Amino acid sequence: MVLALQTQSACVRGAAVRVGPASRVAARRVAPQQISARYRGHGTDLAKVPEYQRHDADTGSPEAQVARLTARVEQLTAHLKQHKTDYSTTRGLMAILSKRKQLLKYLRSNDKEAYERCLTGLGIRQLK
């Protein structure tokens, strides 16, 4: 907290304010606004996800994760069709595609039926 009593002035929200002897005003520290570029899930169509969940609250099974990531890929692809030079979104899309590929590799090696169901239902090409 900033308080300059000796000079009879205080700093309030970046501006110097003269403090009279009767009203000793202490400056308040204002917290900066939090700016975050992290994705919060708004605008993604998750209509296909319940088909791949094992139970109502399932978000961790590989099938559900692949369905969620596919919905996000579709959203980012539509965004990039409008904004062709948005390189940060392109980078994020590549990261999501990589994660989805890892999950599909896991499914292919452990549960072939679930792998095939994900590919046909979500419209994903087979892994090489």
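User: Which residues line the second largest pocket?

Analyst: A pocket is an open set of points on a 1 Å grid over the protein atoms alone, where a 1.4 Å probe fits and protein lies on both sides within 12 Å along at least five of seven lines. Lining residues have an atom within 4 Å of a point. For the second largest pocket they are R38, Y39, G41, T44, L46, Q65, R68, L69, R72 and I96.

User: What kind of model is this, and which pLDDT do side-chain atom pairs need?

Analyst: Residues are numbered from 1 along each chain as its sequence is written, and side-chain values use heavy atoms, with hydrogens and water left out. The model is predicted: local features need pLDDT of at least 70, totals for chains, interfaces and linings use all residues, and side-chain atom pairs count only at pLDDT 80 or more.

User: In what order do the elements run from the N terminus?

Analyst: Helices (H or I, at least four residues) and strands (E, at least two) are DSSP runs, numbered from the N terminus. The protein chain has three helices and two strands. Their order is β-β-α-α-α.

User: How many charged residues line the largest pocket?

Analyst: This pocket holds about 330 Å³ of space, and its lining includes R100, L104, I124 and K128. Ala, Val, Leu, Ile, Met, Phe, Trp, Tyr, Cys and Pro count as nonpolar, Asp, Glu, Lys and Arg as charged, and the others, Gly among them, as polar. The lining has four nonpolar and two polar residues, and the charged ones number four.

User: R100 is in that lining. Is R100 buried or exposed?

Analyst: R100 lies in helix α2. Buried means under 20% relative accessible area, exposed over 50%, partly exposed in between, with a 1.4 Å probe and protein chains only. Because its relative accessible area is 12%, R100 is buried.

User: Why does E63 count as buried?

Analyst: E63 sits in helix α1. Apart from neighbours within four places in sequence, E63 is in contact with Y52, R54, L107, D111, A114, R117 and C118. L107 in turn touches P62, V66, K112 and Y115, among others. E63 counts as buried because its relative accessibility is 3%.

User: What separates the C-alpha atoms of E116 and L104?

Analyst: E116 lies in helix α3. With a relative accessible area of 30%, E116 is partly exposed. E116 and L104 are 12 residues apart along the chain, and their C-alpha atoms are separated by 9.7 Å.

User: What percentage of the residues of the protein chain count as buried?

Analyst: Among contacts between residues at least 6 apart in sequence, 42% join residues at least 24 apart. The chain has 128 residues, and the share that counts as buried is 27%.

Methods. Contact = heavy atoms within 4.5 Å. Points joined across faces, edges and corners; volume = space filled by probe spheres on them.
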